[in-house]
Amino acid sequence: MKCEHCFYWRSLNQRDDLTKEEIFELSRSLGRIENLNLSGGEPFLRKEFAEICRQFIRHNGVKQIYVPTNGYYTDKTVKQVSDTLEEKSLDLFVVELSLDGMPEFHDTFRVTKDAFKRAMETYDALAELQKRFPRLRIHSISTATDRNMDEIRRLTTYLYERCPQMDHHNLAIIRGDRKDPSLQGPSLRQYEELYQYIRRLWAPREQDRYGSIVEPMLQWTKVRTIREQEQVVPCRAGRLSAVVYANGDVSLCETHKPLGNLREKPFWEIWSSPEARRLRDSIMNKECYCTTEVFMWSSIVHQPLHLARTMVRAKVWEKPTPLTSHERAEITLHDSLPERAIPQENLIQIQ
């Protein structure tokens, strides 16, 4: 796919990925890891995906794995996920289907025919797999731009009705060196209104979801960070988290340049280098800011004082009021469901 908002587009398809053994060597050099985020490109195209996951589960004690995916490769996805979930010590495996809007918009934006249809087929297969592995959770994620706010509103309504085993729709905001430089972020007012719509719509499923209490804090922090153009919660990237790119480059976070490469130096030599120490000091001194969820999430939950402050500011105790029928976006399940899957009573016209 050729996603217009991708900020990794310069490094895709370079054929210089670390080998399985190089990744295993990295795993053996590291200690305990709680949360493993594996992204792409398309992660499930890697034939050793499950082997790599199981290595980190067994050697590094990984308890949670999060994987964003375009959902195009149903069979590959199901096989890799099911093989990984054979590891009984893994607590949670979250597949995040990345969707930009309703079918026509999504396929055009991704420059891929039937991309939306294939993603729905992957959802259906994962929902079936979830019966065997309740530790599997299915989420969706959409990146908000100045071009798809109405699309996401319709999309999230569609997903809530179409995908009963999906328990979360994450709203991100465009960032980084996107492939299409003309793509901009939405206004903060638009973003906040859309998030509140999603929050109210998905509230029944969020009640029992692991980590749901963090979501309003994360969204509050993102919006406030953009508004203030500085770190609102002190960032702990490079202390609580690390980034290793497919080619072996190592960085403290996605927004800063790599500090070295695993094919030239061991991880800990890069991690402990003077350049790394200077960058940590720069981050600690709030000389940068971003809205990257992975680093915001860990920075919020692993700093008790800021966790308490953010809980208060985000008013996490407030329960969102349900949407009325007149507030919901207008969609119909017939848009993307195969004929056999559309009981007449499920055809909806939401005003």
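The second largest pocket has a volume of about 460 Å³. A pocket here is an open set of points on a 1 Å grid over the protein atoms alone, where a 1.4 Å probe fits, with protein on both sides within 12 Å along at least five of seven lines; lining residues have an atom within 4 Å of a point. The volume is the space filled by probe spheres set on the points, which are joined across faces, edges and corners. Of the 21 lining residues, Arg199, Ala203, Glu206, Gln207 and Pro320 are the closest to the pocket centre. Strand E5 (166–173), helix H7 (188–206) and helix H8 (214–228) each give two or more residues to the lining, and the largest share, eight residues, is from H7. By type, the lining has eleven nonpolar, four polar and six charged residues.

The model is predicted: local features need pLDDT of at least 70 and side-chain atom pairs count only at pLDDT 80 or more, while totals for chains, interfaces and linings use all residues. Residues are numbered from 1 along each chain as its sequence is written, and side-chain values use heavy atoms, with hydrogens and water left out.

Helices are DSSP runs of H or I of at least four residues and strands are E runs of at least two, numbered from the N terminus.

| Helix | Residues | Buried residues |
|---|---|---|
| H3 | 74–84 | Thr74, Thr77, Gln80, Val81, Ser82, Thr84 |
| H10 | 274–284 | Ala276, Leu279, Arg280, Ser282, Ile283 |

Seen down the axis of H10, the buried residues fall within an arc of 160 degrees (directions from the axis to the C-beta atoms), so they line one face of the helix. They pack against helix H9 (267–271). Lys286, which follows H10, has a positive phi near 60 degrees. The cover of the buried residues of H3 includes helix H5 (115–130) and strand E4 (136–144).

Tyr123 belongs to H5 and is buried, with a relative accessible area of 2%. Its C-alpha is 8.4 Å from that of Thr74, 49 residues apart in sequence. Beyond neighbours within four places in sequence, the contacts of Tyr123 (heavy atoms within 4.5 Å) include Leu97, Ile138 and Arg162.

A nonpolar core is a set of buried Ala, Val, Leu, Ile, Met, Phe, Trp, Tyr and Cys residues joined through side-chain atoms within 4.5 Å. The largest has 73 residues, and Ile65, Val81, Phe93 and Leu159 have the most contacts inside it. Apart from this core lies another of ten residues, among them Met217 and Val233.

Terms used:
Nonpolar A, V, L, I, M, F, W, Y, C, P; charged D, E, K, R; others polar. Buried < 20%, exposed > 50% of the residue type's maximum accessible area, 1.4 Å probe, protein only.
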